[in-house]
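Hello,

Here is the structure we talked about, with its sequence.

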Amino acid sequence: MALLEVDDLHIHLRTPRGPAEAVRGVGFSLERGQTLGIVGESGCGKSITVQALMGLLPPAARVTGNIRFDGRELVGLPEREMCKLRGDRIGMIFQEPMTALNPVHTIARQVAEPLRLHRGLSARAARDEALQLLERVGIPDAAARLDAYPHQFSGGQRQRIGIAMALACGPDLLIADEPTTALDVTIQKQILELIQGLVAERGMSLILISHDLGVIAQSVSHMLVMYGGTIVESGPTAEVFARRSHPYTQGLFAARPALGAPRGTRLATIRGSVPELVDLPPGCPFAGRCGFTIEACHATRPPPETVGPGHVARCIRLDTVRAAEVAQ
């Protein structure tokens, strides 16, 4: 049995312009010890999907479908029961460490909190464990800084503290929501290497959200490409990179800067802009922005089509799209 199974997940939100479907029929599974990346531009549904896994959606959100964690249904699970999983068996590294950390509590208190809540450790034992966690994630002179506050640490150090908090109880599943946002390239590399090392060391499953294809290529074995609240392509990372099949996936790859390109070379762009949630077409969410759009693309959601081993894409014109990719 898979550790995590998501089936036909729909998330409905209230917006100033009326109700909107932010996630539309998302489904995937994650085995124990497997690493999965979710990629796509801002607003495609990456973060809200994992927020649903954690039970952290806005109160007015309506969720349908299934989220089964270790065989247990999470959709509709009472908050008290969700709290027993959150921070214990499911840990999360949030996108912005300054807002993820409480500015009025010391680092020792925040890292020790899940240990006291979920493991029942005494204040002294939890503090000792917090110190070991901070040393493990590379906080310099951790013993002397246990009683410091978040604003007294750099952005990279705050992210390391967030990682320590997420790992405190040894979760089965670690979710990292763009953990290197706003960090410089050197610190990004250190944080990603730290996460990869800890995941391998502890045998955890990992869901890594990123808009950076390079990060996905280096960090995960499988990937999902999301657009308009839908998974448009999925499969083993190497397979998707080698045979990118959906027009949106191709557009993302084409927009990457190329090393050695002549000075002044313009980056390729995807025409148009991401529509608001209430304006998404009933069919393929990429219809209209896609150069292969025909009338049928607007009508119904494309079914999944097998492209290769474990590799699936949702497009009714896959043969035409692939032929065009090969011809370039």
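This is a predicted model: local features need pLDDT of at least 70, side-chain atom pairs count only at pLDDT 80 or more; totals for chains, interfaces and linings use all residues.

The protein chain contains 12 helices and 12 strands.

A compact globule of 328 residues would have a radius of gyration near 20 Å, and the protein chain has 21 Å, so the two agree.

Of the 328 residues, 48% count as buried. Contacts were also sorted by separation in sequence: taking those between residues at least 6 apart, 63% join residues at least 24 apart.

For the surface, the protein chain exposes about 15,500 Å², and carbon and sulfur atoms supply 52% of that area. There are 34 positive and 33 negative side chains, and the centres of these two sets lie 2 Å apart.

The largest nonpolar core has 57 residues. Those touching the most other members are Val111, Leu134, Ile161, Ile163, Leu174, Ile195 and Tyr248. Helix H8, which covers residues 185-202, gives the most to this core, with six residues.

Which residues does Val111 touch, leaving aside those up to four places away in sequence? They are Ala130, Leu133, Leu134, Ile161, Ala164, Met165 and Ala168.

Another core lies apart from the largest one. This other core has 36 residues, including Ala22, Met54, Leu85 and Ile231.

Regards

Conventions
Residues are numbered from 1 along each chain as its sequence is written. Side-chain values use heavy atoms; hydrogens and water are left out. Helices (H or I, at least four residues) and strands (E, at least two) are DSSP runs, numbered from the N terminus. The radius of gyration is taken over C-alpha atoms; the globule rule is 2.2 Å times the number of residues to the power 0.38. Buried means under 20% relative accessible area, exposed over 50%, partly exposed in between (1.4 Å probe, protein chains only). Contact means heavy atoms within 4.5 Å. Accessible areas come from the Shrake-Rupley method with a 1.4 Å probe; for residues, only the protein chains shown count as cover. Lys and Arg count as positive and Asp and Glu as negative; His and the chain ends are not counted. The place of a charge is taken as NZ of Lys, CZ of Arg, CG of Asp or CD of Glu. A nonpolar core is a set of buried Ala, Val, Leu, Ile, Met, Phe, Trp, Tyr and Cys residues joined through side-chain atoms within 4.5 Å.
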